Amino acid sequence: MKNLNRRIFLSGTAAAGGALAVGAAAPASAAPPQRPTTAAAPQAVVGPKDRRYADLRRGTNQRWVGTPDEIRLVTTTDDVVRAVQDAVDSGRRLAVRSGGHCYEDFTTHQDIAIVLDLSQMADVSYDAERRAFAVQPGVPLGRVYERLYKGWGVYLPAGNCPSVAAGGHIQGGGYGSMSRRDGLAVDHLYGIEIVVVGADKKARVVTATREADDPNRELWWAHTGGGGGNFGVVTRYLLRSPGATGTDPAGQLPAPPREVWLSEVAWPWQEMNETRFARLMWNHGDWHARNSAPDSPYTALFSQLKPFHKSGGAIVLDSLIDAGAPGAERMVQRYIDAVSAGVGVKPQVRQYRRMPWLHATQWPGFTGPDPTVRFKGKSVYAKRNYTDTQIAAAYRHLTRDDFSNPSALLMIASYGGAVNKVAPHATAVPQRDSVLKYQVVSLWNDAADDAANIGWVRECYRDMFASTGGVPVPNDTNDGCFINYADVDLGDPRWNTSGVPWHDLYYKDGYRRLQKAKATWDPTGFFRHAQSIRPA
């Protein structure tokens, strides 16, 4: 098996994302943007004979390569309407892709005839009439941060991987390094512009907002965590924080930190044993259980603990903290000391530096995978510390001698804080009392290594949750799975013996409400994939 550099990290991804250049942001005094027309730019249709086809028929995960009849690179909402209508009229299966970071084959399945590529819809502007920022689905998050910050001094607390697009990321929940301080991306979603298909099989544009008197409010709610590819094609996200007042754009979304401290420490595997590993893991989980309340000063801190397979050489802890938080440097050191306490191995300091916030959004400690690799991941929401069984299973698989890949790991992210201020049913993200969010994941290069890596991920995950049927069934410790880390194994009885269906692991009892929205807004089931919402 060919090894990857252990500095390749997988971060938050979407069930359907996108990424290309962003248009110039409108100044604060600009008139509200009108819905674009086809005069703006022609769409491109890429077929199998086009030299671009080899690139455009795949996304970031190189495990998945589609064979669609065509890929439509749309540039306007009217383009989207026409493309969707063409697919409906011709009876061809359509998939929507913004950036291509899907974990599964939802945009590359063999039945898909048309891929609707939204990557050219990549503008960020301010809609003065709605007092909301308008973000198109193809904008990569790195550009979203740049445009919002340079244009108005604000930001959206979204994901850490700058190449993931706004598209599926936002509607799947969207979390990142500042979510403990400012909540999820969907907690700032005011509305959406979306192309839907009615019972009459006609594509049309609908706007839905969180306003209590909006007749389309349930469609907005479904996009606050329902996941991509379910209800239609979102062509604009409207962003404004709840409680924002006034007309100044700078007051409609939160301001990011001016500067942050970045830290990376590591414990060499050669100095670890099972007892030391268990203590480190227990310390890490215990710290988060004690320091993740919405009013904790430690909501200014976010980290990822990355126990790599022993062939990777080390267990890594990457951390970020708002440098403006009182005692920020002391908090970082106390955190690292707490995770290290009693382990018996002093962590190696790999880096420690202060950086402006915008520059730090590109820090490779948190960014996503090399787009030339293959990967498989399985997710967990954790309400409490890890159990002894989970720690023992993780150690067993991380130290296996019959498997070697330095890019196989557990990727464990800090969670909670402001995320848990929101009621479980206020959005379609029901996991509002978790303190950690993580995944078992592996990244590799060659198709010949698929079976070994997918097997390692599946077996590690199954054994960590053996007491609940191989999956993190919601209970006092776990709270299910993250829809943006799509995992079709959750519906496979070989890997889920819990009796709990895949949709309840993602949505809990909110699934019934999502089904009603599906029945209303996509009654023909036109938008679908292996884990799409089924109509009620």
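This is a predicted model: local features need pLDDT of at least 70, side-chain atom pairs count only at pLDDT 80 or more; totals for chains, interfaces and linings use all residues.

Modeller: Let's start with strand 10 (residues 259–268) and strand 12 (residues 314–322), which run antiparallel and are joined by nine bridges.

Biologist: What makes strand 10 and strand 12 a pair?

Modeller: Pairing takes at least two bridges, and nine bridges join strand 10 to strand 12. So they count as paired. In general, strands of a sheet pair through backbone hydrogen bonds.

Biologist: What is the order of the open sheet of seven strands?

Modeller: The order is 13-10-12-11-15-16-14, and the pairing is antiparallel. Strand 13 (348–356) and strand 14 (374–382) are at the edges. On average, neighbouring strands in this sheet are turned by 15° against each other, ignoring direction.

Biologist: Why are strand 13 and strand 14 said to stand at the edges?

Modeller: Each has a single partner strand, so one side of each is left without a neighbour in the sheet.

Biologist: Which strands does helix 7 lie across?

Modeller: Helix 7 lies across strand 10, strand 11 (301–307), strand 12, strand 15 (408–414) and strand 16 (436–444), and runs at about 155° to strand 11. Helix 7 (residues 274–290) also meets helix 10: their axes come within 10 Å and cross at roughly 125°.

Biologist: Why is helix 7 called oblique to helix 10?

Modeller: Roughly perpendicular stops at 115 degrees and roughly antiparallel needs over 145. The crossing of helix 7 and helix 10 is roughly 125°, so helix 7 is oblique to helix 10. The crossing is right-handed. On the helix 7 side, the contact is made by Glu274, Phe277, Ala278, Met281 and Trp282; on the helix 10 side, by Ile391, Ala392, Ala394, Tyr395 and Leu398. These residues divide into nine nonpolar, no polar and one charged.

Biologist: And how do you know that helix 10 and helix 11 are roughly antiparallel?

Modeller: The axes of helix 10 (residues 388–398) and helix 11 (residues 450–464) come within 8 Å and cross at roughly 160°. Over 145 degrees counts as roughly antiparallel, so helix 10 and helix 11 get that label. Helix 10 passes helix 11 in a right-handed crossing.

Biologist: Which residues of helix 10 and helix 11 meet?

Modeller: From helix 10, Thr389, Gln390, Ala393, Ala394, Arg396, His397 and Leu398 meet Trp456, Glu459, Cys460, Asp463 and Met464 of helix 11.

Biologist: Why is strand 7 described as largely enclosed?

Modeller: A residue is buried when its relative accessible area is under 20%. In strand 7 (residues 189–197), nine of the nine residues are buried, so the strand is largely enclosed by the rest of the structure.

Biologist: Which strands does strand 7 pair with?

Modeller: Six bridges join strand 7 to strand 9 (residues 233–239), which run antiparallel, with Ile194 opposite Val234 in strand 9. Strand 7 also pairs with strand 8 (residues 203–209) over seven bridges, again in the antiparallel sense. In strand 8, Arg204 is the bridge partner of Val196, and Thr207 stands opposite Glu193. Strand 7 and strand 8 form a hairpin with five residues between them, and Lys201 in the turn has a positive phi of about 65°.

Definitions and conventions:
Residues are numbered from 1 along each chain as its sequence is written. Side-chain values use heavy atoms; hydrogens and water are left out. Axes are lines fitted to C-alpha atoms, for helices over the stretch in contact, and angles run from 0 to 180 degrees between N-to-C directions. Helices (H or I, at least four residues) and strands (E, at least two) are DSSP runs, numbered from the N terminus. Angles under 35 degrees count as roughly parallel, over 145 as roughly antiparallel, 65 to 115 as roughly perpendicular and the rest as oblique. A crossing is left-handed if the near helix is turned anticlockwise from the far one by less than a right angle, and right-handed if clockwise. Contact means heavy atoms within 4.5 Å. Buried means under 20% relative accessible area, exposed over 50%, partly exposed in between (1.4 Å probe, protein chains only). Ala, Val, Leu, Ile, Met, Phe, Trp, Tyr, Cys and Pro count as nonpolar, Asp, Glu, Lys and Arg as charged, and the others, Gly among them, as polar.
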